[in-house]
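Here is a friendly walk through one protein model, written for someone who thinks in side chains and contacts. Please keep the structure open beside you as you read.

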Amino acid sequence: MEENSDFHEVRFPTDIAFNSSGGPQRKTEVITLGSGHEQRNARWRSSRRKYDVGYGVKSLDDLYRVIEFFEARRGALHGFRFRDPMDWKSCPPLQMPNVDDQIIGIGDGLTASFQLSKTYGSNQGGFERDVAKINSEHFALAKNGVLQNEGVDFELSYN
């Protein structure tokens, strides 16, 4: 049976992903002009993530799980969830999340919907990446430093 969706709501095996290598990549062209100055052009607006999961494969059963997962996605035909071992929460990997890690939005009394995002750096050179495909088990939201209750104080779209 052929699936028609571009994205499958299934996560790549976390234990294998945790031992993967890789991360964000950017495509930037650097052209050296005759004067010696450089002209830079970002070919992609945002970074794209690329991982080698081979380091996470520790047994024939692990290898089979990767092959099974790959075949079920028809190779690269369908997207899927992948937990980045270094960038899966609102703070650095070895820290505990805090209510003021990331600012999602500042209310104005009228705006009722905010895009979840993560900000890297600050001031000059800071970058904001939209976050999609949230893991419902590990999501918390605070308003003015006070934790809010999903379904009571806010609604969240996980897709």
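The text below covers confidence, charged pairs, rings, a hairpin and a few residues worth a look.

**Ground rules and confidence**

This is a predicted model, in which local features need pLDDT of at least 70 and side-chain atom pairs count only at pLDDT 80 or more, while totals for chains, interfaces and linings use all residues. Residues are numbered from 1 along each chain as its sequence is written, and side-chain values use heavy atoms, with hydrogens and water left out.

The score pLDDT is the predictor's confidence in each residue, from 0 to 100. For the protein chain the mean is 89, and 97% of the residues reach 70 or more. Helices and strands here are DSSP runs, numbered from the N terminus (helices are H or I with at least four residues, strands are E with at least two). Confidence is highest in helix α2 (residues 60-72), at a mean of 97, and lowest in strand β9 (residues 142-143), at 88. Where pLDDT is low, the predicted coordinates should not be read in detail.

**Charged pairs**

Side chains of opposite charge can pair when their charged atoms come close. A salt bridge means a side-chain nitrogen of Lys or Arg within 4 Å of a carboxyl oxygen of Asp or Glu. By this rule, the model has nine salt bridges.

| E9 | R81 | 2.9 Å |

E9 is partly exposed at 44%, and R81 is buried at 16%.

D87 counts as buried at 16% relative accessibility, whereas R49 counts as partly exposed at 29%. Salt bridges link R49, D87, K118 and R129 in a network.

**Rings and charges over rings**

Rings of Phe, Tyr and Trp (its six-membered ring) pair if their centres lie within 6.5 Å; planes under 30 degrees apart count as stacked, over 60 as edge-to-face and the rest as tilted. The whole structure holds six aromatic pairs. One aromatic cluster is formed by F12, Y51, F69, F80 and F82.

Two rings have a charge to look for. A charge sits over a ring if NZ of Lys or CZ of Arg is within 6 Å of the ring centre and within 35 degrees of the ring normal. R26 has its charged end over the ring of F127, 4.5 Å from the centre. K133 places its charged end over the ring of F7, 4.1 Å from the centre.

Two strands pair if DSSP finds at least two bridges between them. Strand β7 (residues 117-120) and strand β8 (residues 127-130) pair in the antiparallel sense, over four bridges. S117 has D130 in β8 as its bridge partner. Six residues lie between the strands of this hairpin, and G121 takes a positive phi near 75°.

K50 lies in strand β5 and counts as exposed at 54% relative accessibility. Contact means heavy atoms within 4.5 Å. Leaving aside neighbours within four places in sequence, K50 is in contact with S21, G22, G23 and Q25. The C-alpha atoms of K50 and S21 are separated by 8.6 Å, although the two residues are 29 residues apart along the chain.

R74 is not a glycine, yet has a positive phi of about 55°. R74 lies in the loop between α2 and β6 and is partly exposed at 31% relative accessibility. N144, also a residue other than glycine, has a positive phi near 50°. N144 is in the loop between β9 and β10 (146-147), and is exposed at 78% relative accessible area.

Technical notes:
Buried < 20%, exposed > 50% of the residue type's maximum accessible area, 1.4 Å probe, protein only.
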